[in-house]
Amino acid sequence: MLLLGCIKEVSDYELVISLPSGLSGFVPITQISDAYSKLLSTQVAQGELPEDLNSLPDMYSPGTLVRCIVTSVEKSDDGRRSIKLSIDPKKVNKGLNASALATGMLLSGSVSSVEDHGYLIDIGVIGTHAFLPHEKAKSYIKAVKRGPDLKIGQNLNCVIMEVKNEGRVVRLSIDRSEVAASLATERQNWALSNLLPGLVVKARVQKVAPFGMKLTFLSYFTGIVDFMHMDPEKAMNYSPDQVVKACILSVHPSSKAVRLTLRPAFLHPGGSPNQLSSDRMGAVVEESTVKAFYKQFGALFELDDGSLAFARLKHLSKNRKSFKPGAFKAGCKHKCRIIDYSLMDEMCVVSLKYEIIEARFLQYQDIHTGDVVQGKMLSLKPIGMQVKVADGIKGLVPSIHLADVILKQPEKKYNVGDEVRCRVLECNPAGKKLILTLKKSLIQSKLPVLSHYEDAKPGLITHGFVVCAREFGCIVKFYNDVKGLVPKNELSSEPISCPDKVFYEGQVVKVMVLKCEPEQERLLLSFRLSSKSGPEDKRECTSKENQEVKYQIGQIVDVKVLKKKDNGLEVAVLEDEGNVVAWIPTLHLSDFVDTSKLLWHCLQEGDVLPRVMCLSDKGEHIILSRKSAVISAVQEEQVVRSFFEIQPGMLLTGYVRNVMPFGVFVEFPFGVTGLAPKVSMSDKFVTDTKDHFVVGQTVIAKVMSIDEEKQRVLLNLKVSECSLGDSAAESFALLNQYFKELKEIKDLLRRGEPSMAQGLCELVPGKELQLVVQDVREDGSALFSGSCVTGLTVTATRYHLGEKNIVPGKKMKALILHVDALTSKVYVSLREELLKQRP
């Protein structure tokens with residue numbers, strides 16, 4: 001397929017081309033021209049750079065229009081389609097032959113050699129010699145400012161000025177005014193077999209439709225203009241038989257379908273489309289207005305600055321199920337983010353997806369050296385691990401950076417698809433180069449990031465890694481390829497005769513800067529920190545000793561209840577002879593919320609509570625917890641002590657701190673908190689978050705992701721995702737703890753009113769009772785009375801009455817389902833299948 005494209009990026013080995021409809025393609029360095037490929041082959045064969053071989057950045061600039069042909073469409077590792085292109089005139093102009101060449105034709109050519117009076121140009125037509133005189137190239141060379149001469153491999157827009165010997169010799173011009181004025185006409189005898197993108201023609205409107213127009217041109221050709229390529233200022237004013245100027249965008253080889261553009265930037269050959277200012281890329285637009293919705297393609301928006309933007313169908317919602325066409329009527333407003341700019345459509349490409357609007361990184365330019373990033377492992381090779389940081393952003397973790405120590409078999413530690421937390425060692429957006437590290441010592445380091453020699457001030461202490469250990473000392477590397485020398489006498493306070501036996505490549509070390517010369521990129525370092533920073537360390541030590549740290553988080557103590565307050569208990573720590581006052585919030589009396597409230601109700605001043613854990617020692621009170629699951633997690637070290645220890649996939653025990661309409665906030669021991677969004681709260685569909693969780697509830701949460709910059713943790717509370725291992729054993733342990741606490745409550749209850757307490761203590765689930773029907777309610781439930789339940793409310797729901805005929809005064813057998821000691825309510829069942837199962 002032939003396409004008109006616009007150069008978007010230029011690197012040493014390829015051109016990135018913007019194509020119509022927001023697509024992008026790649027021209028490898030080997031697909032420029034025959035003459036350029038020969039120079040490359042010479043370089044490879046001889047091992048030195050030929051004098052007339054210029055790099056791609058020397059010859060090509062972003063914003064230049066080029067004719068391309070699709071050579072292949074491949075699928076990359078991450079599932080994306082990669083469009084490979086060629087701008088080689090032999091491929092682009094393969095439909096032309098010598099006899100078809102005519103004066104005034106506009107076509108692509110590539111410089112093949114520099115001669116005394118001009119240039120030989122490869123136009124890809126077999127048997128034709130094309131010559132470009134110096135005088136016809138002067139204005140172009142002056143305008144592009146790339147030196148006094150054109151370069152071999154440079155792609156040009158050429159106009160045929162003269163044809164001799166039946167097309168065997170042609171004279172060309174690249175004069176900017178002559179190229180800009182060229183117009184394809186019937187006299188040039190263009191055919192469907194050789195029609196080229198980039199030709200400007202006079203066309204007649206044949207039909208106007210909602211999604212575009214049909215045009216006729218060059219007498220008998222027809223073509224389509226889609227909605228993105230109408231002139232924005234005239235889009236609503238086209239009518240049949242109107243004559244317009246148009247530019248050919250693409251020609252399909254088999255169907256011969258021709259697409260054209262009416263955008264002003266393309267109506268003069270050699271022109272350049274408008275570009276987006278760099279500060280707009282990645283910008284979030286709070287209110288963009290829908291201009292039009294195309295159900296098969298996407299939606300057209302007007303942004304806050306009046307410019308147009310396009311969102312593809314898949315970027316209008318999270319997925320197909322959540323997509324609502326009614327939300328995209330003309331005039332509707334939406335929040336979106338600019339994710340790309342299509343040079344060929346002169347239009348921003350936007351996304352309405354929440355995860356993209358909130359994404360930390362969209363392009364390499366968003367990533368900075370020293371950033372901690374979350375990624376997904378794509379592959380593991382001898383040179384290291386390839387990591388996907390975001391769509392279109394990949395990085396490499398060199399093999400020495402896969403762990404704090406050198407891994408001999410990294411495949412045993414990492415699997416494809418694993419979530420990994422890395423730190424950026426080096427980022428070069430121009431070359432799309434991203435180097436990462438998985439060394440925990442570097443990721444968790446709180447010391448300054450050294451990424452420029454100018455920042456290396458004497459006395460600075462930072463982390464680096466050893467890249468070389470020799471008899472003269474160690475070379476230590478930091479970020480952005482900054483490196484320095486630790487001489488032998490600065491390796492330790494004790495002499496080290498063989499540094500290579502003490503230090504190894506990749507070892508993370510703490511160093512101090514002794515001297516730096518930024519201009520020479522020279523850095524002198526030392527491993528001897530203690531002698532230089534001793535007084536400071538001493539001061540720090542003394543201040544710590546002066547702090548009266550009474551209790552460590554996780555410490556187990558016995559306490560005595562001093563006072564009952566509305567939301568907790570004020571207690572005295574017995575280990576400190578009752579001199580230290582602490583606080584147990586009601587919801588921390590048990591893992592079970594109802595049991596917590598019941599315990600608070602039953603406990604009295606003077607009661608002793610054994611084995612309570614210190615949860616926090618900040619503020620006025622020491623905060624204690626009696627939640628057995630939380631205490632076990634701390635004692636078994638299944639906890640994180642700071643945000644920087646959290647890794648995706650971890651299972652952590654915590655408690656609900658707050659329930660919001662959008663999700664649940666969970667707090668863990670040592671103060672780390674996270675959010676479980678509504679979608680990750682339950683295996684069931686969540687309508688109201690309050691139906692699923694209550695404040696104080698003990699939960700096991702799985703870490704989904706972390707945001708290093710905002711220090712946010714996203715959690716999953718689905719039971720199916722949050723088992724710590726043997727789920728049956730976990731369930732029995734919790735049930736055992738529940739009954740243990742119930743027994744404790746019964747013992748406390750017996751101290752109360754004898755009749756009431758005794759009655760409640762004897763009522764256990766599964767016990768059979770003889771009851772009398774007292775009343776049948778409107779909802780079908782029934783109330784009961786009996787000598788064994790005096791002073792208690794006994795009820796059975798409609799379901800638990802079974803098929804029995806219930807009338808007031810009737811004697812019935814019932815089975816206890818649940819006893820709520822706090823409200824003095826007993827729930828029973830009359831169903832036969834339950835009564836029969838009783839032993």
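**View 1. Cysteines of the predicted model.** At 33% relative accessibility, Cys788 counts as partly exposed, whereas Cys427 is buried, with a relative accessible area of 14%. All views in this set show a predicted model rather than an experimental one. The cysteine sulfur closest to that of Cys427 belongs to Cys422 and lies 13 Å away, which is too far for a bond, because a disulfide is taken here as a pair of cysteine sulfur atoms within 2.5 Å. By this rule, the count of disulfides comes to zero.

**View 2. The closed barrel formed by β41 to β45.** Five strands close into this barrel in the order β41-β42-β43-β45-β44, and the pairing is mixed. From one strand to the next, the twist averages 50 degrees. Strand β41 (residues 768-776) and β42 run antiparallel and are joined by four bridges, with Val773 standing opposite Phe784 of β42. The hairpin of β41 and β42 has five residues between the strands, and within this hairpin Gly780 takes a positive phi near 95 degrees.

**View 3. The pairing of β42 with β43.** Strand β42 (residues 782-785) runs antiparallel to strand β43 (residues 793-796), and three bridges join the two. Two positions can be followed across this pair: Ala782 has Ala796 in β43 as its bridge partner, and Leu783 stands opposite Thr795 in β43.

**View 4. The closed barrel formed by β6 to β10.** This barrel of five strands runs β6-β7-β8-β10-β9, with mixed pairing. On average, and with direction ignored, neighbouring strands of the sheet are turned by 50 degrees against each other. Strand β8 (residues 129-133) and strand β10 (residues 169-173) run parallel and are joined by three bridges, and the bridge partner of Phe131 in β10 is Arg171.

**View 5. Two residues other than glycine with positive phi.** Lys145 has a phi near 50 degrees, a positive value in a residue other than glycine, and is placed in the loop between α4 (138-144) and β9 (155-164). With a relative accessibility of 71%, Lys145 counts as exposed. Arg611, likewise a residue other than glycine, has a positive phi near 50 degrees, but its place is in strand β34 (residues 608-616). The relative accessible area of Arg611 is 48%, and this residue is therefore classed as partly exposed.

**View 6. Spans annotated as S1 motif.** According to an unreviewed UniProt entry, the annotation "domain: S1 motif" covers residues 1-88, 104-175, 198-263, 282-353, 370-439, 459-528 and 649-718. Two of these spans are described here. Over residues 282-353 the chain is 0% helix and 50% strand, with the end C-alpha atoms 13 Å apart. Residues 459-528 are 6% helix and 50% strand, and their end C-alpha atoms lie 11 Å apart.

**View 7. Confidence along the chain and the segment 531-549.** The chain averages a pLDDT of 86, and 94% of the residues score at least 70. Over residues 531-549, however, pLDDT stays under 50, and for this stretch the model has three contacts beyond four places in sequence. Where pLDDT is low, the predicted coordinates should not be read in detail.

Notes: Residues are numbered from 1 along each chain as its sequence is written. This is a predicted model: local features need pLDDT of at least 70, side-chain atom pairs count only at pLDDT 80 or more; totals for chains, interfaces and linings use all residues. Side-chain values use heavy atoms; hydrogens and water are left out. Buried means under 20% relative accessible area, exposed over 50%, partly exposed in between (1.4 Å probe, protein chains only). UniProt positions are given in the numbering used here, feature names are shortened, and annotations may be inferred rather than shown by experiment. Two strands pair if DSSP finds at least two bridges between them. Axes are lines fitted to C-alpha atoms, for helices over the stretch in contact, and angles run from 0 to 180 degrees between N-to-C directions. pLDDT is the predictor's confidence in each residue, from 0 to 100. Contact means heavy atoms within 4.5 Å.
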